[in-house]
Amino acid sequence: MQPRNMSMSGVVDLAAVKAAQEAKAKAEQARAEAARRGGGGAVSPADLVIDVDEAGFEQDVLQRSAEVPVVIDFWAEWCEPCKQLSPVLERLAVEYNGRFLLAKIDVDANQMLMQQFGIQGIPAVFAVVAGQALPLFQGAAGEAQIRQTLDQLVEVAEQRFGLTGLTVDPEAEPGAAPAAAPAAGPYDSLLNAAAHALDAGDLAGAVQAYKNVLADDPAHPEAKLGLAQAELLQRVQDLDPQQARRDAAERPSDVPAQIAAADLDLVGGHVEDAFGRLIDTVQRTVGDDRDTVRLRLLELFEVVGAEDPRVAAARRALARALF
């Protein structure tokens, strides 16, 4: 499976947002189930460093990345810098006590994986979080730099994806089977139906599936985000981007024109432009028009996510514009 790129602080990627919310929900469900059973699922320190090949990549890296960040060390026996870097990564994997899993891939034996990650030289270190790959560093980095990078990785994994890592038990037997996956939740079938509808381009079907969840659980986080995402895509699918942007440029006080342009900005990854456009429109309008713009801005906040610093900054700017 080809890994997908992910930026820790880049533009909004709606597919990445969806994957993040799904991973976060699954992680929270797994933790709740483990707590209900009184713990369980602990791994041995020896299980924090694993050898991975092409046959096991899907299960050992992609699937595991839904519960713990997986750091990949691409190495080869003939690579002298690798012999310096690999022991440091292995020691830190144990020291970080389950906050990440280290997967070691021999590039000589796994050329396809090397090509899929676009590696030009080794050592090369990547991470996979919720099925999405991002480069960490290349070459024999110093330990201080490695620690800083790993600290950022585990922070992002926890805050954006809800992944708090593995439970490590020094008494656990190495290679013990992991805890069974939690039972399906009450809304899993509806959420899966919504995801399949999105993948198939059936935006109306996705919107309805998410609304069905929210009708029973109005605060459901995955359904709220999914609905905001699907409705955004539904709004822009029939727009002529060039015409919409011309309308917005020519009519700065036209509320529908500014809202349409802001939707296009967000879908295109121009988050701050979308927020700024609507905040400026709030300042130029009054009454019902102002409230319409404010509500659309709040919907776009849902798509980006409350934890994103750009949302926090825009909320403060909106408050200044309103009061």
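**Figure 1. Asparagine 97 sits in the loop between α3 (80–95) and β4 (101–106).** Helices and strands here are DSSP runs, numbered from the N terminus: helices are H or I with at least four residues, strands are E with at least two. The model is predicted: local features need pLDDT of at least 70, side-chain atom pairs count only at pLDDT 80 or more, and totals for chains, interfaces and linings use all residues. Residues are numbered from 1 along each chain as its sequence is written, and side-chain values use heavy atoms, with hydrogens and water left out. Asparagine 97 is not a glycine, yet its phi is positive, at about 55°. Most residues other than glycine have a negative phi. With 43% relative accessibility, asparagine 97 counts as partly exposed. The cut-offs refer to relative accessible area: buried is under 20%, exposed is over 50%, and partly exposed is in between (1.4 Å probe, protein chains only).

Figure 2. The chain holds 13 helices and six strands. It has 323 residues, and 46% of them count as buried. Contact means heavy atoms within 4.5 Å. Take the contacts between residues at least 6 apart in sequence: 73% of them join residues at least 24 apart.

**Figure 3. A cis peptide bond joins isoleucine 122 and proline 123.** Omega at this bond is about 0°. Most peptide bonds are trans. Proline 123 belongs to the loop between α4 (111–116) and β5 (124–129).

**Figure 4. Strands β5 and β6 form a hairpin with two residues between them.** Alanine 130, in this hairpin, takes a positive phi near 50°. The two strands run antiparallel and are joined by six bridges. Strands pair when DSSP finds at least two bridges between them. Strand β6 covers residues 132–138 and is mostly covered itself, with five of its seven residues buried.

**Figure 5. Valine 128 is a buried residue of strand β5.** Its relative accessibility is 1%, so valine 128 counts as buried. Which residues does valine 128 contact, leaving aside its neighbours within four places in sequence? They are Val61, Leu62, Ser65, Val68, Pro69, Val70, Ile72, Phe117 and Ala133. Among them, serine 65 lies 63 residues from valine 128 in sequence. In space, the two are 6.0 Å apart, C-alpha to C-alpha.

**Figure 6. Glutamate 67 lies in the loop between α2 (57–63) and β3 (70–75).** With a relative accessibility of 36%, glutamate 67 counts as partly exposed. Not counting residues up to four places away in sequence, glutamate 67 touches Leu163, Gly165 and Leu166. Glutamate 67 and leucine 166 are 99 residues apart in sequence. Their C-alpha atoms are 7.6 Å apart.

**Figure 7. Aspartate 265 is placed in helix α10 (residues 255–267).** Is aspartate 265 buried or exposed? At 4% relative accessibility, it counts as buried. Beyond its neighbours within four places in sequence, aspartate 265 is in contact with Arg245, His270, Asp273, Ala274 and Arg277.

**Figure 8. Helices α11 (residues 271–284) and α12 (residues 287–304) come within 9 Å, axis to axis.** Axes are lines fitted to C-alpha atoms, for helices over the stretch in contact, and angles run from 0 to 180 degrees between N-to-C directions. The two axes cross at roughly 160°. The helices are therefore roughly antiparallel to each other. Angles over 145 degrees count as roughly antiparallel, under 35 as roughly parallel, 65 to 115 as roughly perpendicular, and the rest as oblique. The crossing is left-handed. That label applies if the near helix is turned anticlockwise from the far one by less than a right angle; clockwise is right-handed. From α11, Val271, Ala274, Phe275, Leu278, Ile279, Thr281, Val282 and Gln283 take part. They meet Arg290, Val293, Arg294, Arg296, Leu297, Leu300, Phe301 and Val304 of α12. By class, the contact has 11 nonpolar, two polar and three charged residues. Nonpolar covers Ala, Val, Leu, Ile, Met, Phe, Trp, Tyr, Cys and Pro; charged covers Asp, Glu, Lys and Arg; the others, Gly among them, are polar.

**Figure 9. Helix α8 (residues 221–236) also crosses α12.** Their axes come within 8 Å and cross at roughly 115°. This crossing is left-handed. Lys224, Leu225, Ala228, Gln229, Leu232 and Arg235 of α8 make the contact with Arg296, Glu299, Leu300, Glu302 and Val303 of α12. These residues divide into five nonpolar, one polar and five charged.
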